[in-house]
Amino acid sequence: MRTGILLLAGFFQGSFGLGYKDYRPLPWAAFWLVYNLFCLGTAAIWTFFQAPGFLPVLFHHPEEAAVIFVCGVIWGASAICFTKGVDLLGMALLYGISMGFSIIGGSIFPLLLHPQNLEGNILLNLGAGLALSGAGIFLITAGGRKRDGAQGAKKNRLGTAMAVFSGIGSALMNLGFGYGQNITAELSASGIGDVGISAASWFLVILGGNAAMACYCVPQIVKGRLFSGLKGKGLPRRLVILLFTAMIWYGALCLYGVYTAQAGAYGIVVGWVIFNALALIVSNLWGLLLGEWKGAGEGLRLAAAGDVLLMAAWIFLARLNAG
């Protein structure tokens, strides 16, 4: 059951990006702000429905709530760096660097909060799983660069720094999700189930991310008057697509959260790696179906080999929660 939940979460995570392929007639800043407001609205409605009365619980533990919110703010800033780094590094290289730091950091950060859990066998299996994951991501990135090589993507220090920061910010997103143990305990004691706890745990992270994104997008929108003169042609359809995209993305996070609640002490460690690795595989499959790998040749073979390594990594990671 819980494996199926994680697989569905990874499928959603690897699929929601389809809604990004064309955001016209909205300019980028307007698109990004509207999309994130949809994400926040979806999260708020679902959280209030699944975990009524969760706000007083947050006020009971202000220190934990503050840390979670700050993790969300950093993640929001890193998401902007990710989108802006595409022009500097190219999508394949940027995604590979970002995903590598996200997977490694997102699995290690939660462990560092509980160093008593770092036993020999655990470290061995985690190390093997992360090494195989890293190798798989490297091959997929190399395949992507082979495919995109004709586009001549620039490499520079700023683009690399943006990629690294975007990965660390994504890792902190997972840390923020798993940080509020006292908040989780009180919600559980009040009768809130796994779905509600997952929703409440993500809400502050998403709220912090929206705060960062609004600080970046709103001044650009006001300065450029990006909403003025925007006609209705194509806009309603685009808004519906963005709303559906936001729901899929948020659904992925909630399903991941339910998995971690059911998967034992290392669910947030194992789950984060598999969740993101599966999303990468699914996104590659979508790219294959949509013709993005057409004529890639060696690039496609490298990406396929990377997918195999990612799946092999799960064998070691699954042992962390065995028994």
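How many residues apart in helix α2 are Phe31 and Tyr35, and what separation in helical turns does this give? In the predicted model examined here, Phe31 and Tyr35 are four residues apart in helix α2 (residues 28-50), so about one helical turn separates them.

The chain contains 12 helices and zero strands, and its pattern along the sequence reads α-α-α-α-α-α-α-α-α-α-α-α. Of the 323 residues in the chain, 49% are buried. When contacts between residues at least 6 apart in sequence are considered, 89% join residues that are at least 24 apart.

Aromatic pairing was examined across the whole structure, and 17 aromatic pairs were found. Phe31 and Tyr35 also belong to a cluster linked by ring pairs, together with Trp28, Trp32 and Tyr216. A further stacked pair is formed by Tyr256 and Phe275, for which the centre-to-centre value is 4.9 Å and the angle between the planes is 25 degrees. This pair links distant parts of the chain, since Tyr256 lies in helix α10 (residues 235-262) and Phe275 in helix α11 (residues 267-289), 19 residues apart. Both Tyr256 and Phe275 are buried.

In soluble globular proteins, nonpolar side chains tend to be buried together. The largest nonpolar core of the model comprises 80 residues, and Trp32, Tyr35, Trp249 and Tyr256 have the most contacts inside it. Apart from neighbours within four places in sequence, Trp249 is in contact with Gln13, Phe16, Tyr35, Cys39, Trp75, Met173 and Ile206.

Attention then turns to helix α9. Asn210 is located in this helix and counts as buried because its relative accessibility is 7%. With neighbours within four places in sequence set aside, Asn210 is in contact with Asn36, Leu37 and Leu40.

The packing of helix α9 against helix α8 was also characterised. Two packed helices are described by the angle between their axes and the distance between the axes. The axes of α8 (residues 181-189) and α9 (residues 194-224) come within 10 Å and cross at roughly 145 degrees, and the crossing is right-handed. On the α8 side, the contact is made by Thr184, Leu187 and Ser188, and on the α9 side by Ile197, Ala200 and Ser201. The residues of this contact comprise three nonpolar, three polar and no charged.

Notes:
Residues are numbered from 1 along each chain as its sequence is written. This is a predicted model: local features need pLDDT of at least 70, side-chain atom pairs count only at pLDDT 80 or more; totals for chains, interfaces and linings use all residues. Side-chain values use heavy atoms; hydrogens and water are left out. Axes are lines fitted to C-alpha atoms, for helices over the stretch in contact, and angles run from 0 to 180 degrees between N-to-C directions. Helices (H or I, at least four residues) and strands (E, at least two) are DSSP runs, numbered from the N terminus. A crossing is left-handed if the near helix is turned anticlockwise from the far one by less than a right angle, and right-handed if clockwise. Contact means heavy atoms within 4.5 Å. Ala, Val, Leu, Ile, Met, Phe, Trp, Tyr, Cys and Pro count as nonpolar, Asp, Glu, Lys and Arg as charged, and the others, Gly among them, as polar. Buried means under 20% relative accessible area, exposed over 50%, partly exposed in between (1.4 Å probe, protein chains only). Rings of Phe, Tyr and Trp (its six-membered ring) pair if their centres lie within 6.5 Å; planes under 30 degrees apart count as stacked, over 60 as edge-to-face and the rest as tilted. A nonpolar core is a set of buried Ala, Val, Leu, Ile, Met, Phe, Trp, Tyr and Cys residues joined through side-chain atoms within 4.5 Å.
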